[in-house]
Amino acid sequence: MGRELTTGDFDKLFELQTQRLGEAHFLVMYWAAQGEDLACRYNITNTFDDMKRLGITRTKQTAVAIVEALAALCFIEIREERNRKNIFITTYGAKALEALVLSGRFVPRASGYLEEHAKT
Amino acid sequence: MTIGIGGAGSKIAAKLDNGAVLVNVSETELNKVPGGGRRILASVHAARGQFKGSRMNPEIGHDAYQSIRRELLDMARGDMVFSSTGGGTGNGITTGILNDLTKANDIATADKTSFGLILPYAKLESSEFVNNTIEFLTEPLAAAIDSGNTGNIFLFSNKKKFEEKVSEEHYNQQLVESLRMFLAIPEKNDKYRLLDGHIDHEDFALFMSKPYFNHFTYFDYDPKKPFGDQLDASSNPYLLEPEAAIEALFLLEVPKGGDPTLFYDILQYFASKDVSPIYSVVENPDRQKPLVTVSLLYSRKPAELVDDFNRISEGHAQAKVKKSLDQWVELEKMEVNLEKEARRAVKQRGEGEEVLATLRRLGKL
């Protein structure tokens, strides 16, 4: 049997996972949090549209892969609601987003969808 | 021909020989030297012109040597090269020459290069000079001596200059005048009436082609006192002290009508040391007293020479360590909370602060 994992190991794992996130992951978590804050459902299609607009990707597959990766890490939760896959940031995701903000690696960029929603 | 390399070497070469070839890596330094003949600027990679020296870094001098290698080796054949061992240019370029001579096969007697090396006064000169000298003596010079491919090596010492606080100009002048006395031996043989023995230009060139250290000196010879005592008391202050001689040469100048047999005592002295010198006795009408010019060839391995410099270098290093320990100040321990600092930075940048505020509003932080 291997040794039991300590709190230090989990911290290290979290640090490594966060370090490997890219700008697209950062933005998805940020937009998900912003959507929740605006009481607006933010889904995978919105993610793809925003990424396409910002020139991050041109394929939905990539957008889906990014979202799924975040979900696999438990940084976001995907809920099937009315035939839409809505995205919600988890408390782990919030911690990861906070770490990315503090590291200064990425700068928040606006979501077109959420900006439109805020105007209405 | 005489070749002067670097600042110190060029100054001496130019004083000795109006046609001396002067070499440097800095145009400014090259133009500063009065006298001498042709000037050669060795190339270094410099974006804004070559106006800086080697900054005590022999690597720079050695790199620059590659640009003048062929020309310099050709010129150095059968000539005398002056250089300091402490500075970057002299040390670096002369290292290149010595390395090439070490690798050469069968250099003819007439083609051997003599070296006038100016050693730093370790007690007072910079530790970089001393350390460069140690490397120079232990590596290129030692190898060149072992190869037997150099001529005489004159080890000039800055000791007298520093101990007696003599200006560089005056010191160099004295050093050159002293050297001229030695180099004039064959001319004096031509010029004055020969009383005994003979040292012609070929004899002198053969003596100069031997790969040993040369310590020469001259003094008024008092035949009533033992020659050895007078020799010991009159060593050349511009050169390092000699070791036991392997070979010797002397010129005795006696006044007009002077005793032409005085040289026998000198020969006896050398015989007691198992040395058979080449010599000549001339009548110099300008002299009031007999004057003897003596040259001793000795072989002091650079490793032993280096010991002296090592001792000083070690002293320098210890002093530096002691000083840094004395100056060591205990710094107050600063407690830095990295997360706090990062938050402060985010606030300052403005970006991201809004993200964190959102997360807090959602109760997720």
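**Note on the predicted two-chain model**

1. The largest nonpolar core comprises 38 residues, and those with the most contacts inside it are Ile3(B), Val23(B), Leu72(B), Leu141(B) and Leu155(B). Two or more residues of this core come from each of the following elements of chain B: strands E1 (2–5), E2 (21–24), E5 (113–119) and E6 (150–157), together with helices H3 (58–76), H4 (88–103), H5 (127–147) and H12 (302–326). Helix H5(B) supplies the largest share, seven residues. In soluble globular proteins, nonpolar side chains tend to be buried together. The model under review is predicted, and this should be kept in mind for every point below.

2. Of the 365 residues in chain B, 48% are buried. When contacts between residues at least 6 apart in the sequence of chain B are considered, 74% of them join residues at least 24 apart.

3. Leu119(B) belongs to strand E5 of chain B. This residue counts as buried because its relative accessibility is 0%, and the cut-off for burial is under 20%. Leu119(B) and Phe156(B) are 37 residues apart along the chain, yet their C-alpha atoms are separated by 6.0 Å. With residues up to four places away in sequence not counted, Leu119(B) touches Thr85(B), Thr133(B), Leu155(B), Phe156(B), Ser157(B), Asn158(B), Leu240(B) and Phe309(B).

4. Asn214(B) is located in strand E8 (residues 213–220) of chain B. With a relative accessibility of 1%, Asn214(B) is likewise classed as buried. Its side chain forms a polar contact of 2.8 Å with the side chain of Ser295(B). Leaving aside neighbours within four places in sequence, the contacts of Asn214(B) include Asn152(B), Ile153(B) and Phe154(B), as well as Ser295(B), Leu296(B), Leu297(B) and Tyr298(B). Phe182(B), Phe207(B) and Leu239(B) are also in contact with Asn214(B).

5. Tyr279(B) is part of strand E10 (residues 278–283) of chain B. The C-alpha atom of Tyr279(B) is separated by 8.9 Å from that of Leu267(B), which is twelve residues away along the chain.

6. Between the chains, helix H5 (residues 91–103) of chain A meets helix H13 (residues 338–349) of chain B: their axes come within 8 Å and cross at roughly 70 degrees. H5(A) is therefore roughly perpendicular to H13(B), since angles of 65 to 115 degrees are classed in this way. From H5(A), the residues involved are Glu98(A), Val101(A) and Leu102(A); from H13(B), they are Glu339(B), Ala342(B), Arg343(B), Val346(B) and Arg349(B). By class, this contact has four nonpolar, four charged and no polar residues.

7. Most residues other than glycine have a negative phi. Ala39(A), however, has a positive phi near 55 degrees, and this residue is found in the loop between helix H2 (23–37) and helix H3 (44–53) of chain A. Ala39(A) is exposed, at 68% relative accessibility. Arg82(A), which is not a glycine either, has a positive phi of about 45 degrees. Arg82(A) lies in the loop between strand E1 (76–81) and strand E2 (84–89) of chain A. With a relative accessible area of 83%, Arg82(A) also counts as exposed, because the cut-off for that class is over 50%.

Conventions: Residues numbered from 1 in each chain as written. Chains lettered and ligands numbered in written order. Predicted model: local features only at pLDDT ≥ 70, side-chain atom pairs only at ≥ 80, totals over all residues. Heavy atoms only, no water. Axes fitted to C-alpha atoms, helices over the stretch in contact; angles between N-to-C directions. Helix = DSSP H or I, 4+ residues; strand = E, 2+ residues; numbered from the N terminus. Parallel < 35°, antiparallel > 145°, perpendicular 65-115°, else oblique. Contact = heavy atoms within 4.5 Å. Nonpolar A, V, L, I, M, F, W, Y, C, P; charged D, E, K, R; others polar. Buried < 20%, exposed > 50% of the residue type's maximum accessible area, 1.4 Å probe, protein only. Polar contact = N/O pair within 3.5 Å; in protein donor to acceptor, adjacent residues only side chain to side chain. Core = buried A, V, L, I, M, F, W, Y, C linked by side-chain atoms within 4.5 Å.
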